[in-house]
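Here's a walk through one chain, taken a stop at a time. Have the sequence and the 3D view open as you read.

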Amino acid sequence: MAPSTAEISGINSVARALKSVLDSLDDSKAEQVVPIDLRGKSVVADYMVIASGRSHRHVTAVADQLLRTLKENGHGNNAKVEGLASGDWVLIDTGDIIIHIFRPEVREFYNIEKMWQAPELDGETVH
């Protein structure tokens, strides 16, 4: 069965939002940007993007610029933001895309991309 027009429109909207996120992170000189496709792995979001800033100030600046870009492109009007004041780890949740921006030490400590990039086990049980 072919996807409906609404499904295609939703896919295109998420793809445009993801491109906006990645372009903004690149423009802001975010480092080690890793997009992770969560479709079929989680109902939390379609994509997760993990990036690093060089310092508290850089993390905050990257997040501020990303929020402005998302709003300008109509993707961030209802975005939830946490951690902006501290600048260690900023989480931006747009619904379809979750963005984590870390200082390098914090990113290394939590290493969340390892959890989400684990290979699929296709029904195997791990003990």
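Contact here means heavy atoms within 4.5 Å. One thing to keep in mind as you go is that this is a predicted model.

Let's start at Asp46, which sits in the loop between strand S1 (31-37) and strand S2 (47-52). If you set aside neighbours within four places in sequence, Asp46 is in contact with Val14, Ile36, Asp37, Leu38, Arg39 and Asp96. Then look across to Gly95: Asp46 and Gly95 are 49 residues apart in sequence, yet 8.4 Å apart in space, C-alpha to C-alpha. As for solvent, Asp46 counts as partly exposed because its relative accessibility is 26%, and the buried class stops at under 20%.

Gly95 takes us to the next stop. Gly95 is in the turn of the hairpin formed by S4 and S5, with 3 residues between the two strands, and has a positive phi of about 105 degrees. S4 and strand S5 (residues 97-102) pair in the antiparallel sense over 5 bridges. S4 has another partner too: strand S3 (residues 80-82) runs antiparallel to S4, and 3 bridges join them. S3 and S4 also make a hairpin, this time with 6 residues between them, and Gly83 in that turn has a positive phi of about 85 degrees.

Glu82 stands opposite Leu91 in S4, while in S5 the bridge partner of Leu91 is His100.

Now follow the side chains along S4 (residues 89-93).

What about the rings? There are 3 aromatic pairs in the count. Trp89 and Phe102 make a tilted one, 4.7 Å centre to centre with 35 degrees between the planes. Trp89 lies in strand S4 and Phe102 in strand S5, so this pair ties together parts that are 13 residues apart in sequence.

Phe109 is exposed, with a relative accessible area of 64%, and Tyr110 counts as partly exposed at 44%. Put together, ring pairs link Trp89, Phe102, Phe109 and Tyr110 into a cluster.

Definitions and conventions
Residues numbered from 1 in each chain as written. Predicted model: local features only at pLDDT ≥ 70, side-chain atom pairs only at ≥ 80, totals over all residues. Heavy atoms only, no water. Helix = DSSP H or I, 4+ residues; strand = E, 2+ residues; numbered from the N terminus. Buried < 20%, exposed > 50% of the residue type's maximum accessible area, 1.4 Å probe, protein only. Pairing = 2+ DSSP bridges. Phe/Tyr/Trp six-rings, centres within 6.5 Å; stacked < 30°, edge-to-face > 60°.
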